[in-house]
Amino acid sequence: MESVPANYVDRTMLVLHRLDEPNWYIGAGICYAGALPSHEHFRRFVLAAIDAAPVLRYRRIGPIRKAKWVPDDAIDVDQHIEYHRLPPGGDPYNAAMRAIRYTSLPMDRPLWKVHLLHGYKTGEYTLCYQASHAFQDGMSAMATLRAVMTGVPLRPPPVTRYPGRSTLCGVLRTLPELRPYPSDPRWRPPADTTGAVLFRVVHLDLDTVQEIATRTDCGPAQVTLAAVTGAMHHWNPRRKGGPHRRPRTFNVFMPTSFGDGRRNGGLGTHSGIMPLVLPGDEPSPYRRLLAIREAVSLKNVISLRRNQAFVDGLGFPPARIVESVMRLTDPMASIMTRGHIAFTMLPANSFEIPDAIDLFIVPPLPWRIGAYFNAVHSSTGITIGCGMNGDLPDVDQVPDLIQDALTELHDATVQLARR
């Protein structure tokens with residue numbers, strides 16, 4: 001296995017990781033039914049995972065401007081295992097979020113770890129995979145999980161050969177494809193977003209989602225995003241000292257991967273951000289879905305992906321500019337992004353996880369974003385991880401409102417089909 005130069009996005013993530021480490025970890029949790037595995041059994045599982053996914057041997061070397069990923073043949077698996085005993089009746093989802101966010105990953109080792117959460121319920125335990133976002137994006141993590149669970153090995157990360165196109169030509173080609181972020185976020189959390197993050201999980205019925213998707217010529221991700229939009233439409237948080245306020249349109253950051261993680265061996269970050277304005281003020285659930293179908297169209301996704309080679313090939317100076325801008329504008333970024341929402345959906349429906357009763361995602365939490373909804377599409381259903389400021393009033397209503405919005409959307413499409 002050869003060393004792989006970090007691409008521009010990797011280096012940018014390393015810069016952001018250094019500035020705000022806890023907010024740039026990603027992870028996946030798997031809840032299992034069964035007896036707690038012994039340490040030796042757990043250790044053998046992790047060793048088998050390393051064999052199935054060679055990416056897990058790679059660590060970063062060199063300063064950020066010359067960073068490379070190099071294979072580490074002397075990896076110590078015990079440094080990548082951690083146990084967490086929860087109190088009886090404890091919440092494994094919030095515990096997984098805390099383990100992933102607040103466990104440091106030393107830079108002199110491969111940037112991942114596996115946590116085993118136990119003690120919260122007899123006959124159940126949870127495995128959590130944690131990685132730095134500089135090391136992997138969501139699709140790369142899913143490719144790693146697929147290899148581990150199916151036994152079909154992930155290929156070693158290929159050495160990237162960047163194009164020789166000049167930066168100026170790349171910028172000129174990219175400009176027509178850029179869509180600016182909305183400048184006026186009109187949905188804002190009605191309280192400060194500095195409080196503790198409340199993490200909740202919502203399970204959507206896969207048959208219902210697929211039935212809606214078939215009737216409306218949409219994909220499961222578009223239907224899921226419509227359910228989230230419907231929940232935000234109905235959520236009516238109370239401002240401190242003021243009346244209820246119904247949200248209007250609101251802005252969304254939608255991370256979009258350029259590949260499925262298998263092409264690059266599961267190494268590095270190969271993704272961009274699609275800015276969206278979702279119709280939270282639209283009373284019709286069907287018209288909300290149609291607006292989302294138009295915004296998250298295949299044409300728009302292809303347009304976003306078109307310049308992947310250019311972005312990956314950028315050198316270190318742009319990453320240094322990002323760092324400088326982040327240092328200077330962090331207070332402003334905290335103010336501007338706190339009215340935004342992040343949403344993404346990852347596919348995991350092409351493989352089974354034996355004895356698993358749940359699969360969920362813990363995404364990164366950049367700056368003081370208002371809320372995030374991270375969905376994973378498995379073979380048994382769609383699970384949405386919801387992270388919001390725990391100090392927001394009525395925030396516990398949001399998971400139920402997502403379920404209600406899906407039911408409302410299903411009823412609306414059934415009525416249209418009968419006409």
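## A three-stranded sheet

Three strands, in the order E1-E4-E3, make up an open sheet with antiparallel pairing. Its edge strands are E1 (4-5) and E3 (58-61), each of which pairs on one side only. The model described here is a predicted one.

E3 and E4 run antiparallel and are joined by four bridges. Across this pairing, arginine 60 stands opposite tryptophan 69 in E4.

## The chain as a whole

The protein chain contains 12 helices and 14 strands. It has 419 residues, and 55% of them count as buried. Its accessible surface comes to about 18500 Å², and 54% of that surface belongs to carbon and sulfur atoms.

Contacts can also be sorted by how far apart the two residues are in sequence. Among contacts between residues at least 6 apart, 81% join residues at least 24 apart.

## Strand E2 and its two partners

Strand E2 covers residues 25-33. Is this strand mostly covered, or mostly open? Eight of its nine residues are buried, so E2 is mostly covered; buried here means under 20% relative accessible area.

E2 pairs with strand E7 (residues 124-132) in the antiparallel sense, over nine bridges. E2 also runs antiparallel to strand E12 (residues 356-362), and six bridges join these two. Isoleucine 30 can be followed in both pairings: its bridge partner in E7 is leucine 127, and in E12 it stands opposite leucine 359. In a regular strand, side chains alternate between the two faces of the sheet.

## Helix H3

Helix H3 spans residues 92-102. Nine of its 11 residues are buried, so the helix is largely enclosed by the rest of the structure. The buried residues include Pro92, Tyr93, Met97, Ile100 and Arg101. Asn94, Ala95, Ala96 and Ala99 are also among them.

Which residue caps the N-terminal end of H3? Aspartate 91 does, with a side-chain oxygen 3.0 Å from the backbone nitrogen of tyrosine 93.

## Salt bridges

Side chains of opposite charge can pair when their charged atoms come close. The structure holds 10 salt bridges. One of them is formed by aspartate 78 and arginine 43, whose closest N and O atoms are 3.1 Å apart. This pair links distant parts of the chain, 35 residues apart: aspartate 78 lies in the loop between strand E4 (68-71) and strand E5 (81-85), and arginine 43 lies in helix H2 (residues 39-52). Aspartate 78 counts as partly exposed because its relative accessibility is 38%. Arginine 43 is partly exposed too, with a relative accessible area of 23%.

A further salt bridge joins the side chains of glutamate 82 and lysine 113, at 3.2 Å from N to O. Here too the pair links distant parts of the chain, with glutamate 82 in strand E5 and lysine 113 in strand E6 (residues 112-118), 31 residues apart. Are these two residues buried or partly exposed? Glutamate 82 has a relative accessible area of 24% and is therefore partly exposed, whereas lysine 113, at 8% relative accessibility, counts as buried. Glutamate 282 and arginine 287 also form a salt bridge, with their closest N and O atoms 3.2 Å apart.

Terms used:
Residues are numbered from 1 along each chain as its sequence is written. This is a predicted model: local features need pLDDT of at least 70, side-chain atom pairs count only at pLDDT 80 or more; totals for chains, interfaces and linings use all residues. Side-chain values use heavy atoms; hydrogens and water are left out. Buried means under 20% relative accessible area, exposed over 50%, partly exposed in between (1.4 Å probe, protein chains only). Contact means heavy atoms within 4.5 Å. Accessible areas come from the Shrake-Rupley method with a 1.4 Å probe; for residues, only the protein chains shown count as cover. A salt bridge is a side-chain nitrogen of Lys or Arg within 4 Å of a carboxyl oxygen of Asp or Glu. A polar contact is a pair of N or O atoms within 3.5 Å; within protein, one must be able to donate a hydrogen and the other to accept it, and residues adjacent in sequence count only if both atoms are side-chain atoms. Two strands pair if DSSP finds at least two bridges between them.
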